[in-house]
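My notes follow, in the order I looked things up.

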Amino acid sequence: MERRDVQGHYERLAADYDEHWLYGAHHITWMSARIAETLRLSSADRIADIGCGTGMFAREVARIIDPQHAILCVDPSLAMLHQIGTPPPAGLTPIVASAEDIAVGRVQLPYEQLDGIWLKESVHHVADPATTLHGLAARLTPGGRILVVMLPTSIEYPLFQAALDRFTELQPNPELIVDNLRAAGLQTTLRYVDYELRLDREKYIGMVRARYMSVLSTFCDSEIEKGIEEMRAVHPEPLLAFPDRFAFLLGVKPGEGR
């Protein structure tokens with residue numbers, strides 16, 4: 001798993017995170033709809049977004065399902081959670097906690113059990129995913145669902161080669177996370193979903209310079225600038241088009257839901 005100051009990275013990036021991370025409004029809408037659809041979320045469900053960041057997906061999921069119970073936006077970074085708003089919008093409840101905190105019950109939640117949990121590109125921050133996912137699974141109602149959305153171990157982003165190599169080195173294998181979910185007693189399926197990204201090259205270079213991906217926080221400023229030079233040489237085209245491929249791992253707790 002990752003060996004770096006992940007929380008410090010997000011604390012520094014929080015104020016501009018949505019600007020630097022945002023591939024486009026349609027991407028947020030698309031991903032949020034896939035999350036709600038895969039988890040089969042309804043307005044009556046009690047839901048947690050673990051590792052929510054600024055709440056960009058939770059906000060859109062709330063718009064889609066109009067929840068009767070506020071979606072719990074869980075993140076260890078107070079700076080990221082502040083971006084949700086003060087007070088937070090209706091339908092969202094920020095909670096300062098890590099996935100590990102929730103798994104072991106270190107933080108009291110408004111709901112004793114949860115019908116739906118998702119972790120969107122945050123499982124790679126978890127030091128011991130087997131133990132943490134087991135603890136999260138224990139918080140599900142019978143018939144409850146947990147969705148892990150993550151990147152595969154290799155990506156086709158127009159990054160510099162050293163960043164691509166380091167990503168592969170650090171990224172957990174989705175098949176291993178499937179094993180973790182099954183060991184937690186969940187009926188688990190894995191599927192891959194593709195989304196084509198089209199970005200202005202200079203915008204993307206700005207995102208890289210801002211270290212929009214946490215793997216980029218492992219490079220110093222001079223390494224980032226050298227990498228950007230490499231990117232410009234390899235990708236002279238003004239519009240970058242590349243696939244974003246996600247592994248969707250759905251675990252369902254046996255039993256009948258509400």
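**Helix α4 and onward**

I began with α4, where the buried residues (under 20% relative accessible area, 1.4 Å probe, protein chains only) are Met56, Phe57, Ala58, Glu60, Val61, Ala62 and Ile65. That is 7 of the 10 residues in this helix, which spans 56-65, so I noted α4 as mostly covered. Helices here are DSSP runs of H or I, at least four residues, and strands are runs of E, at least two, numbered from the N terminus. Just past α4, I found Asp66 with a positive phi of about 50 degrees.

A reminder to myself: this is a predicted model, where local features need pLDDT of at least 70, side-chain atom pairs count only at pLDDT 80 or more, and totals for chains, interfaces and linings use all residues. Residues are numbered from 1 along each chain as its sequence is written, and side-chain values use heavy atoms, with hydrogens and water left out.

**Rings**

Next I looked up aromatic pairs (ring centres of Phe, Tyr or the six-membered ring of Trp within 6.5 Å; planes under 30 degrees apart are stacked, over 60 edge-to-face, the rest tilted) and found 6 in the structure. Phe160 and Phe219 make an edge-to-face pair, 5.2 Å centre to centre with 75 degrees between the planes. Phe160 sits in the loop between β5 and α8 and Phe219 in the loop between α10 and α11, so the pair ties together parts 59 residues apart in sequence. Both Phe160 and Phe219 are buried. I also noted a cluster in which ring pairs link Tyr157, Tyr204, Tyr212 and Phe242.

Methods:
Buried < 20%, exposed > 50% of the residue type's maximum accessible area, 1.4 Å probe, protein only.
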